[in-house]
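Hello,

Here is the structure I promised to pass on to you. Have a look at it first, and then read on for what turned up.

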Amino acid sequence: MTARTRRFKRLLPLYTPLILILIHCGLSPESVNAQSQIARVAPRVISSSSGPYSTMALEPISPPPPLVTPQVNRSGTGTGLTIIPTFNANIDATTQTVINNAVTFYRNTFTTNITVNIEFHDMNTGFGQSTVFVFSVPYSTYCTALSANATSPDDTTAIVNTPCGSTNPINSSANIGVKSANGRALGIDTPEESFNFMNSPCPTFTGSGCIGLNVTTANNFGVLFATVEHEIDEVLGLGSALNGTTTPAMPFTDDLFRWQSSSVRSYSANASTTNPCGVSTPAAFFSIDGGKTDLDDFNNCANGLDYGDWITHTPSQVQDALSNGTASPSLSIKSAEVRSLDVIGYDIVLPKRRHGQLTSQ
């Protein structure tokens, strides 16, 4: 797949005036799922993986320091997380049913007691695109809330290998990028925002994320449900701050779980465009035990796709950056994507243990 990039700047009257837009024109319909990030403090353009598409980064007025009230929900049923979809008029009834079925999975899987508003609209490029707000939060604030919210065995393992302190363990900077829904899952003040900015794909909407779906193309490839889940995952918090050949100073929460090998973190851009981008040097894989166990491989190169997505799998997985069309995937509670959402701050449904029953994880 080849790509063309056009960059330009515009003034944004309601915010500090910087908005960067990248438009990638991919020649292959195999590319899956995009992610656009709107950075709250540090202007950032985040690579996406659904070309052609546009990615946006803006720098509004810095928000007040986040307030923390850790939210811990230890209930045994997934009734906490409420995702409210808002459908643009161009989303037909059949597609609405697909989206509602995906939303049901998250409601039944996560017990985190927050409401996440997401707008869905049809588009005519790529497969999918998500636009979200990213807040600059002190790492010590985020890590303290994450530790207080640990409820699952994966959480316990992840916290042991994710030390708290005044700086993050990724690149020793003081802050970390936290998406609106991810912060609120931990009781951090990262509110939903209005998407009323220049060239917004959903200018009348206020919420956590704005998702575009190329309904026709995704249906033709049998991946509409997977595309919906992919983009919801990114609104909730998945994704890397890495972009192209640039390594931003402020990593995102999902970057805490990028590893190259045991005890060696992976947070650097890779000029290589050679596939598979993740299993070759430098490697990057998702791990919660300090790099000892590779749970999935990240797309780790400057191929115009998301560093936070997976490499291509056979059969395909929901978060693959490029699909080879070998499956119509969907998430389960054991999926690496769900485990990743768990360790960045969401609570999953834990199996109920009957009296005298031995369980293994």
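Predicted model: local features only at pLDDT ≥ 70, side-chain atom pairs only at ≥ 80, totals over all residues.

Is asparagine 299 buried or exposed? Its relative accessibility is 3%, so asparagine 299 counts as buried. The side chain of asparagine 299 makes a polar contact of 2.8 Å with the side chain of asparagine 303. Setting aside residues up to four places away in sequence, asparagine 299 touches Cys277, Leu305, Asp306, Tyr307, Asp309, Trp310, Ile311 and Ala321.

The loop between β15 and α7 also holds proline 315. The peptide bond leading from threonine 314 to proline 315 is cis, with omega near 5°. For background, most peptide bonds are trans.

Helix α1 covers residues 93-109, 17 residues in all. At 1.5 Å a residue α1 should span 24 Å, and its end C-alpha atoms are 25 Å apart, which agrees. Which residues of α1 are buried? They are Thr95, Val98, Ile99, Ala102, Val103, Phe105, Tyr106 and Thr109. Looking down the axis of α1, these buried residues fall within an arc of 145°, so they line one face of the helix.

What do the buried residues of α1 pack against? Their partners are β5 (82-87), β6 (115-122), β11 (209-213), α5 (215-220), α6 (224-236) and α7. On the other side of α1, Ala93 and Thr94 are exposed. Threonine 94 comes up again at the start of α1, where its backbone nitrogen has a side-chain oxygen of aspartate 92 within 3.0 Å.

β5 and β6 run parallel and are joined by six bridges. Within this pairing, isoleucine 84 stands opposite asparagine 117 in β6. Together, β5, α1 and β6 form a β-α-β unit that is left-handed, so do take a look at that part of the model yourself.

**Helix α6**

α6 is one of the elements that the buried residues of α1 pack against. α6 has 13 residues; at 1.5 Å a residue they should span 18 Å, and the end C-alpha atoms are 18 Å apart, which agrees. Twelve of the 13 residues are buried, so α6 is largely enclosed by the rest of the structure. Just after α6, glycine 237 has a positive phi of about 155°.

**Two serines with positive phi**

Most residues other than glycine have a negative phi. Serine 172 has a positive phi of about 65° although it is not a glycine. Serine 172 sits in the loop between α3 (153-160) and β8 (175-179), and with a relative accessible area of 52% it is exposed. Serine 263 also has a positive phi, near 70°. Serine 263 belongs to the loop between β12 (258-261) and β13 (264-265), and at 61% relative accessibility it counts as exposed.

**Proline 169**

The loop between α3 and β8 is also where proline 169 is found. At 24% relative accessibility, proline 169 counts as partly exposed. How far apart in space are proline 169 and tyrosine 139? They are 9.2 Å apart, C-alpha to C-alpha, and 30 residues apart in sequence. Neighbours within four places in sequence aside, proline 169 is in contact with Tyr139, Pro163, Leu256 and Arg265.

**A four-stranded sheet**

Finally, there is an open sheet of four strands, in the order β13-β12-β14-β15, with antiparallel pairing. β13 and β15 are its edge strands, each pairing on one side only. Inside the sheet, β12 pairs with β14 (residues 285-286) in the antiparallel sense over two bridges. Tryptophan 259 has phenylalanine 285 in β14 as its bridge partner.

Happy browsing, and best wishes

Note on methods: Residues numbered from 1 in each chain as written. Heavy atoms only, no water. Buried < 20%, exposed > 50% of the residue type's maximum accessible area, 1.4 Å probe, protein only. Polar contact = N/O pair within 3.5 Å; in protein donor to acceptor, adjacent residues only side chain to side chain. Contact = heavy atoms within 4.5 Å. Expected span 1.5 Å × (residues − 1). Arc of directions from axis to C-beta. Pairing = 2+ DSSP bridges. Right-handed = clockwise from strand over helix to strand, strands pointing away.
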